[in-house]
Amino acid sequence: MQRYSILWADDEIDLLKPHILFLEQRGYDITPVNNGSDAVELCQGKHFDVVFLDENMPGLSGLEALDQIKGNKPNLPVVMITKNEEEHIMEEAIGAQIADYLIKPLNPNQILLSVKKILDNKRLIIEKTNLSYQQEFRKISMAFMDDMNHEQWADIYKKLVHWELQLDQSDNQDMREVLEAQKTEANANFARFIIRNYDRWLNDGNADKPLLSHQLLKKKVLPLVGKDTPVFLVLIDNLRFDQWKMIEPIIDDYFTVDQEETYYSILPTTTAYSRNAIFSGVMPSEMAKSHPDLWVGEDEDEGKNNFEDEFLGKQLKRNNINVKFSYTKIKNLDQGRALADTVNNLFQNNFNVIVYNFVDMLSHARTDMAMIRELAPDESAYRSITRSWFIHSPLMEILKTISERKAKVIITTDHGTIRVKRPFKIVGDRNVNSNLRYKQGKNLGFEGGKVMEVSKPERLFLPKMNVSTSYVFAIEDQFFAYPNNYNYYVNFYKDTFQHGGVSLEEMIIPIIFLNSKNAS
C-alpha cells in the first residue's frame, strides 16, 4: 500500500501528538513544524502529498503561508485548520483553493476522513466503480435475453453510457474492455430489434413506438412556443448522448435541467434525412412528393439541407402557429462569433432555432485530418475533445447570454455517430451514394443476412430514384467498402466516426429542456 507524506504546521504542534500518532499508525508519514515559515521552506525542498496549516500562527499566519505554498506548488492539497469560524476567513481560504477546512477542536476520525477524501478519493472511487459495474454487468446482459421495447432499449443505452463515463476515470483497462464487449453485444441485439420493429412503428397505428424525428417539433417543442417566454431550440448536429453528458456539468452553471429525454432518429441517420424530417415534420418520401422544390435527392449535387428554414416555416403554418421566428445555421467559427455578438436581438422573437454544425465537422474531420485522428483515437478522447470545444466555443457564449434573461432552451440533435471497425463488402454502380453506413441504389450486391435490407423503401417512407431502388443499412460497427482498392479503403476509414446506419449511438439521441438559472 502506498504511504503518503503529510506536513503539519501548528504553533501548538506538541499538543497534537495523539492525532499524529493516530495517522502514523494508519500508514501516513507526518512531518510536524510549529510555524508557517518552516512549512513554506519545507514545501520548497521536499515532496508532500498534503499540508495541514493552522490558520492562527504567530509570525507568518496560516493564510500567508497558504499563499506562498500555493505560489510555488499550486496543485499541492492544503487543509486549513482553525478555531475561527468567521465567514471572511473561510472565504479567503476557499478562494485560495484549499482542499478542505477543519474547525478545532479536532477529532482523529475527522482528520482521517479529510486525508482519505483528498489522497484516497480517486482509488476508492475507482474500486467502487469497478465493483458496481461488475454487479450491473449481469443485469444488463440478462436484459438482452428479454423482448425489450424502445423505452427499455433507451434505458439500457443510458446505463452503458453511464458506465463508460465512470470507467473513463479508471485505469482498469480490463474492465473497459469488458464494457466495450458488452456494448458490442448490445448493438447486435439492438440491430435485430430495429429490423423487427422499425417498419411496424411507421405503418401500424396501434404499435408501441418511440418519438421519431418527424414528430419531434410537433410533440415536444411547438407546444412551448407562443407563451410569454421566448423558446430557443439549439440543434447541435451529430451530438450523441454521451457527448451531452460531457457538456451537461458546464451548462449546469447557467441552466436548470427540467427534463432529460431521448428520442429515435429515423433511418438513414444522416443530416439530409433526419434533420429535414425534424424541420418539415414529415418523412423523407413525403417531403420529396409534397415539396419537390425543397427536397434534394441523392442523385443531385446540391446541398441536402439548404431549405430547413422553409421547411420550418411550412410546419409552423401547418400547425397554426403564427409567431415571429428565426432560423440561424452556424457552419464555422466566424458565424458563431457573429451570433454570440447579436444573440440578444433574438429575444424579440417567440421562437428561435439555432443549428450548430461543429460536432458534425469534428466527426468528419477525424476521418479527413491526421491531427484530429491522433487527438481522438478512441471514444473517451472523442468525448474529451467535444467537452473542450464546447467550453471555448461561441455556442457556450451564446448560451451564457441567453441564460441571463428569461428563456426556455431546448438542446437536441438530429442523429449520433458510431466508431466503425468492421468493413462490409458491397457492390454498386456509380450512381450509388457515398455514405459509409447506408447505400441507396439498384442492383446492390452484398452478402445477405448481415445488414438491414430494405427492398420496399416506400414502407419506410424513403424516396425511390427508380422502380428497383433499394436501401441497405450497416448495423453495429460495420462500414461499407467496395472491392476495388479494398485494403486502402479499409485502412483509411477503420476506426473513424460515421453515421447513417443502425446503432444505439446513432439512433437513441438526447433532447434536453433547460430553464435560465440567472435570468434577471
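The buried residues of helix α13 pack against α9 (216-221), α11 (271-280), α12 (284-290), β8 (325-330) and β9 (351-356). The model is predicted, so local features need pLDDT of at least 70 and side-chain atom pairs count only at pLDDT 80 or more, while totals for chains, interfaces and linings use all residues. Residues are numbered from 1 along each chain as its sequence is written, and side-chain values use heavy atoms, with hydrogens and water left out.

**Overall architecture**

- The secondary structure of the protein amounts to 20 helices and 19 strands; helices (H or I, at least four residues) and strands (E, at least two) are DSSP runs, numbered from the N terminus.
- The C-alpha trace spans about 90 × 55 × 45 Å along its principal axes.
- Of the 520 residues, 54% count as buried; buried means under 20% relative accessible area, exposed over 50%, and partly exposed in between (1.4 Å probe, protein chains only).
- Among contacts between residues at least 6 apart in sequence, 74% join residues at least 24 apart; a contact means heavy atoms within 4.5 Å.
- The protein exposes about 24000 Å², of which carbon and sulfur atoms supply 47%; accessible areas come from the Shrake-Rupley method with a 1.4 Å probe, and for residues only the protein chains shown count as cover.
- There are 61 positive and 74 negative side chains, and the centres of the two sets lie 7 Å apart. Lys and Arg count as positive and Asp and Glu as negative, whereas His and the chain ends are not counted; the place of a charge is taken as NZ of Lys, CZ of Arg, CG of Asp or CD of Glu.

**Helix α13 and the residue that follows**

- Helix α13 covers residues 308-318, and its buried residues include Glu 308, Phe 311, Leu 312, Gln 315 and Leu 316.
- These residues lie on the same side of α13 because they cover an arc of only 135° around the axis; the arc is that of the directions from the helix axis to the C-beta atoms.
- Asn 320 follows α13 and is found in the loop between α13 and β8.
- Asn 320 is exposed, with a relative accessible area of 65%.

**Aromatic pairs**

- The protein contains 28 aromatic pairs; rings of Phe, Tyr and Trp (its six-membered ring) pair if their centres lie within 6.5 Å, and planes under 30 degrees apart count as stacked, over 60 as edge-to-face and the rest as tilted.
- Tyr 133 and Trp 163 form a tilted pair, with ring centres 5.7 Å apart and planes at 50°. This pair links distant parts of the chain, with Tyr 133 in helix α6 (residues 121-143) and Trp 163 in helix α7 (residues 150-167), 30 residues apart.
- Tyr 133 is buried at a relative accessible area of 0%, and Trp 163 is also buried, at 9%.
- Tyr 157 and Phe 241 form a tilted pair, with ring centres 6.3 Å apart and planes at 55°. Tyr 157 in helix α7 and Phe 241 in helix α10 (residues 241-251) are 84 residues apart, and the pair links distant parts of the chain.
- Tyr 157 is buried at 1% relative accessibility, and Phe 241 is buried at 2%.
- Ring pairs join Phe 144, Trp 153, Phe 190, Phe 193, Tyr 198, Trp 201 and Tyr 264 into a cluster.

**Contacts of individual residues**

- Glu 136 belongs to helix α6 and is buried, at 15% relative accessibility.
- Residues up to four places away in sequence aside, Glu 136 touches Lys 159 and Trp 163.
- Ala 340 lies in helix α14 (residues 333-342) and, leaving aside neighbours within four places in sequence, is in contact with Pro 394, Glu 397 and Ile 398.
- The C-alpha atoms of Ala 340 and Lys 400 are separated by 9.4 Å, although the two residues are 60 apart along the chain.

**Backbone geometry**

- Most residues other than glycine have a negative phi, and most peptide bonds are trans.
- The peptide bond joining Lys 104 and Pro 105 is cis, with omega about 0°; Pro 105 lies in the loop between β5 (100-103) and α5 (108-119).
- A cis peptide bond also leads from Leu 267 to Pro 268, with omega near -10°; Pro 268 is placed in the loop between β7 (255-264) and α11.
- Asn 320 has a positive phi, near 55°.
- Asp 495 has a positive phi, near 70°, and lies in the loop between α19 (486-493) and β18 (497-498). Asp 495 counts as partly exposed, at 27% relative accessibility.
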